[in-house]
Amino acid sequence: MSKHRDIDFFERPAAAREWQAQETALQAAREGRAPASAREAAYRRIDAAIRADDAVGLDADFAERLAAKAGPVPSSATAPEAGFEKQLTRLLLAALVLSGLGVALIEGGSWFHADPAAWSVAGNPWVIALLACLGASQGAEWLRRRLG
């Protein structure tokens, strides 16, 4: 049945009429009156079906047996990571490596003549930031796999 917050009564008068028909049918059912129309009877049947307890008659271990039929739940360690996102990640990584090699070949000569302090890890904040990002990324992946 519709939920009041889903309907804009001012822009959809037909929806407002349907809402009112549903409410009238439910009120009549609460008061024990007979349905006044086929529409009201239909809404009362829908309400009865929604309120019906579907779990009546199921065994206590129904969920466990159904889960056993479905098989084990794949985890990140057992499920192969395939799909569009994985292939796109590989493609982007290859593009990044190739572009990095291209820049290194083109600009590499001037890099080697730069200040030696720029090559030290402690003297270059960008190298430290890169190592921190790689460590955080790998640590998060290790933790995700560990917690499973």
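Arginine 39 counts as partly exposed, at 43% relative accessibility; on this scale buried means under 20% relative accessible area, exposed means over 50%, and partly exposed is in between, using a 1.4 Å probe and protein chains only. Before I go on, a word on where this comes from: the model is predicted, so local features need pLDDT of at least 70 and side-chain atom pairs count only at pLDDT 80 or more, while totals for chains, interfaces and linings use all residues. Residues are numbered from 1 along each chain as its sequence is written, and side-chain values use heavy atoms, with hydrogens and water left out.

So, which residue does arginine 39 pair with in a salt bridge? The partner is glutamate 18, and their closest N and O atoms are 2.2 Å apart. By salt bridge I mean a side-chain nitrogen of Lys or Arg within 4 Å of a carboxyl oxygen of Asp or Glu. This pair links distant parts of the chain, with glutamate 18 in helix α1 (residues 13-31) and arginine 39 in helix α2, 21 residues apart. Glutamate 18 also counts as partly exposed, at 27% relative accessibility.

Let's step back to the whole chain for a moment. You are looking at five helices and zero strands, and from the N terminus on the elements run α-α-α-α-α. Helices here are DSSP runs of H or I with at least four residues, strands are runs of E with at least two, and both are numbered from the N terminus. Of the 148 residues in the chain, buried ones make up 11%. The chain exposes about 12,300 Å², and carbon and sulfur atoms supply 65% of that; accessible areas come from the Shrake-Rupley method with a 1.4 Å probe, and for residues only the protein chains shown count as cover.

Back to the charges. How many salt bridges does the structure hold? There are six. One of them joins glutamate 141 and arginine 145, at 2.7 Å from N to O. Both residues lie in helix α5 (residues 125-147), four residues apart, which is about one turn of the helix. Glutamate 141 is partly exposed at 26% relative accessibility, and arginine 145 is partly exposed with a relative accessible area of 43%. Elsewhere, salt bridges that share partners join Asp59, Asp61 and Arg65 into one network. Arginine 65 has a relative accessible area of 35% and aspartate 61 has 36%.

Now please find glutamate 40, in helix α2 (residues 38-51). Is glutamate 40 buried or exposed? It is buried yet has no salt bridge, and the nearest side chain of opposite charge, arginine 44, is 4.1 Å away. For charges, Lys and Arg count as positive and Asp and Glu as negative, while His and the chain ends are not counted. Leaving aside neighbours within four places in sequence, glutamate 40 is in contact with Thr24, Ala25, Ala28, Ala34 and Pro35, where contact means heavy atoms within 4.5 Å.

My last stop is leucine 98, in helix α4 (residues 84-112). Leucine 98 is exposed, with a relative accessible area of 60%. Together with Leu93, Leu96, Val97 and Leu101, Leu98 forms a nonpolar surface patch with about 520 Å² of accessible area. Patches are made of residues with over 30% relative accessible area and no salt bridge, joining like charges within 9 Å and nonpolar side chains (Val, Leu, Ile, Met, Phe, Trp, Tyr) within 5 Å.
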